[in-house]
Amino acid sequence: MGTALLLGIGAAPAGAAQGGAERLDTIVVTGTRTPASLKDTPRALTVVDRQRIQLGTQQLGLDEALAGVPGLYMQNRYNFAQDLRIALRGFGARANFGIRGIRLVVDGIPETLPDGQAGVDSIDLGSAQRIEVLRGPASALYGNAAGGVIAVTSELGGERQGLEARVAGGELGYSQWQLKSLGSTGGHDYLINLSQTRLEGFRQHARSRGSQLNAKLGRDLGEKGRILLALNLTDQPQAQDPGGITAEQAAAQPRSAHARNLRFDAGEALEQQRIGAVYERPLAVGSLTLRLHAVQRDFSNRLPFSAGGIVVLDRDFVGGGVHYAWVPDHAALTLDAGLDFDRQDDARQRYDNVDGMRGDRVFNQDERVESLGVFAQARLALDARWSLRMGLRHDAVAFEVSDRQLDDGNDSGRLRFDALSPALSLSRSLDAGVIYAAYSRSFETPSTTELANPDQSGGFNRILEPQTADQYELGFKYGRGPWFGELALFRIGLDDELVPYELDAFPGRTFYANAGRSSRRGLEAALSWRLRPDLSLDVAYTWSDFVFRRFVDADGEDFAGRRLPGLPRHFAHLGLTARTPAGLLASLEANYSGSLYADNANSVPVASHTVVNLRLAREIRWAGQSLQPYLGVNNLLDEAYYSNVRINAFGGRHFEPAPERHVYAGLLWRFSGS
């Protein structure tokens, strides 16, 4: 009987802690659309591996795995009706639900809709092999909603094989089970993963439950290439929303829910089916990739007010793309080009919320969004060290609404946004790293939800415009022996930044306006260091200076010079992993968030906090099997802090208190047959 240790800590920036300089050469990233070694990629990019994602974690949200990624700020882990709030260099911070400003890709299939909104409820962390985080505007690659990219790749049988069963439970009513099979047969590689999660939550009216099936099938076609089929089924019948509360209520009764959320039974339910196919074929010079996908989503949401407070949405999302890479052997110039087309059809209805029950229908419209993007990029090797990269993409995004409820007038109409997104970078390769300077331009349209009219009428808010951003970046990454470090400095100027606000008549519902201009400056640093074979350290730090430069709201209040709300100036991560001779793995992490503001006026400060988490694990192997018990303690020092801060919430209800110290444990059994 032997023991093995399989749990890591920290995001392992660029994965370099496990091998130093050689590791940089072997990591291949795909979030840049053309596979390239991490060492040669002149972008701020972090890779997180399977061990950090899966082993010893609760797998409730992406924040567990991505906490050590510099520039990536996350909130709202425990409110499944609102989704994780992810901000990448500030993009996405405005979202009170869903993922905004960030392109989300799962197994090569876009999870982000043509209108720029994405959700994380269908991401199966229990079968995720790796996650790439591309930091900074990337519209030249992906178009709308590209303040950054998060690309998730699921496992497949050709890489690992066997059966797994896992059960876990803990405080806050947490329970989870998982069954997974990986293997190869008849020339096919496959993954099948089935899981279910339940959580009562820390606060009143915070219960959630959901089930998921994630499956992949790969087939090697020899000289004709390879095809990959991916299927995901998500069923989340309950996700209650306790709502935001005031600072006074949070201090006196942190477990309480907002009274209106209780009265109107606020929360959501959804079912989603996603299927996709990716075909890759090598050519005489280069390669060809084809993509097709289809998503069907049934969604219902109860908001904490009466008039139109129940939303019913039936969504179809289909699309495809083609990508050709021209990569001659030993050529100084490489080229690639492609086309993406996606279409989103939403049948949206609103009903009065009669104390949690569906009342009269007051809103009925069909919404369609179509996006067409054409892009090209080139890499020119100036000599053995210096390289120049250029990219250009044109996107056309068309919105159309058809009003189906004409008793209050016809609000049908169309909107169209066009954008040209260039990118340029100059890089110099080093013996074990790269230094680069880059410029890129991005754009982001309002989503169909953000285009809602504040007067509660149908149609679109035609006053809103897309936000655009110009980014300048200097970066450096270097690894040698047992350590790897990276540093990125950036400056971003945004025009027409989209900012959220609430109205008294519709608490819990968010509307949007354009700010005139804002600026963002930042520094991102990370270090992974294997101090000795049984001890490793991961550190990440982010400094941000995000301010409005020109912004006068509808009430005439001037916010110029104020900090962007919902984002701290400083946040950091520290992870330490130790392995004992007895075969026990102890992982300790500390996540620090500096102070921030909850509103545009910077009149509601939110104090800084530090959350410490502990994980312990041990794996015992015998005769082709293994058993791994694990234990975790979240918020080890019992810090009082807010899991989420709702920006510009009406009535001072900005705050969602986070859980006190709580414990979970699990047991993983694996059969590999060898």
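Val-105 of strand E8 (103–106) stands opposite Pro-110 in strand E9, where strands are DSSP runs of at least two residues and helices (H or I) runs of at least four, numbered from the N terminus. E8 and E9 pair in the antiparallel sense over two bridges, pairing being assigned if DSSP finds at least two bridges between two strands. The model is predicted, so that local features need pLDDT of at least 70 and side-chain atom pairs count only at pLDDT 80 or more, whereas totals for chains, interfaces and linings use all residues. Residues are numbered from 1 along each chain as its sequence is written, and side-chain values use heavy atoms, with hydrogens and water left out.

An open sheet of five strands, with mixed pairing, has the order E4-E11-E12-E8-E9. Its edge strands, E4 and E9 (109–110), each pair on one side only. E4 joins E11 through six bridges in the antiparallel sense, and Thr-46 stands opposite Val-133 in E11. Five of the six residues of E4 (residues 44–49) are buried, so this strand is largely enclosed by the rest of the structure; buried denotes under 20% relative accessible area, exposed over 50% and partly exposed in between (1.4 Å probe, protein chains only).

The largest nonpolar core comprises 24 residues, and Leu-62, Leu-66, Ile-86, Ile-123, Ile-131 and Ile-150 have the most contacts inside it. Such a core is a set of buried Ala, Val, Leu, Ile, Met, Phe, Trp, Tyr and Cys residues joined through side-chain atoms within 4.5 Å. At least two core residues are supplied by each of several elements, including helix H3 (63–66), strand E11 (128–135) and strand E12 (148–154); the largest share, three residues, comes from E11. Leaving aside neighbours within four places in sequence, Ile-123 is in contact with Leu-62, Leu-104, Val-106, Val-152 and Gln-212, contact meaning heavy atoms within 4.5 Å.

The structure holds 48 salt bridges, each defined by a side-chain nitrogen of Lys or Arg within 4 Å of a carboxyl oxygen of Asp or Glu. In one of them, the closest N and O atoms of Glu-497 and Arg-520 are 2.7 Å apart. Glu-497 lies in the loop between strand E27 (483–495) and strand E28 (498–501) and Arg-520 in strand E30 (residues 517–532), so the pair ties together parts that are 23 residues apart in sequence. Glu-497 is buried at 6% relative accessibility, and Arg-520 is buried at 1%. A network of salt bridges links Arg-89, Arg-135, Glu-473, Glu-486 and Glu-524.
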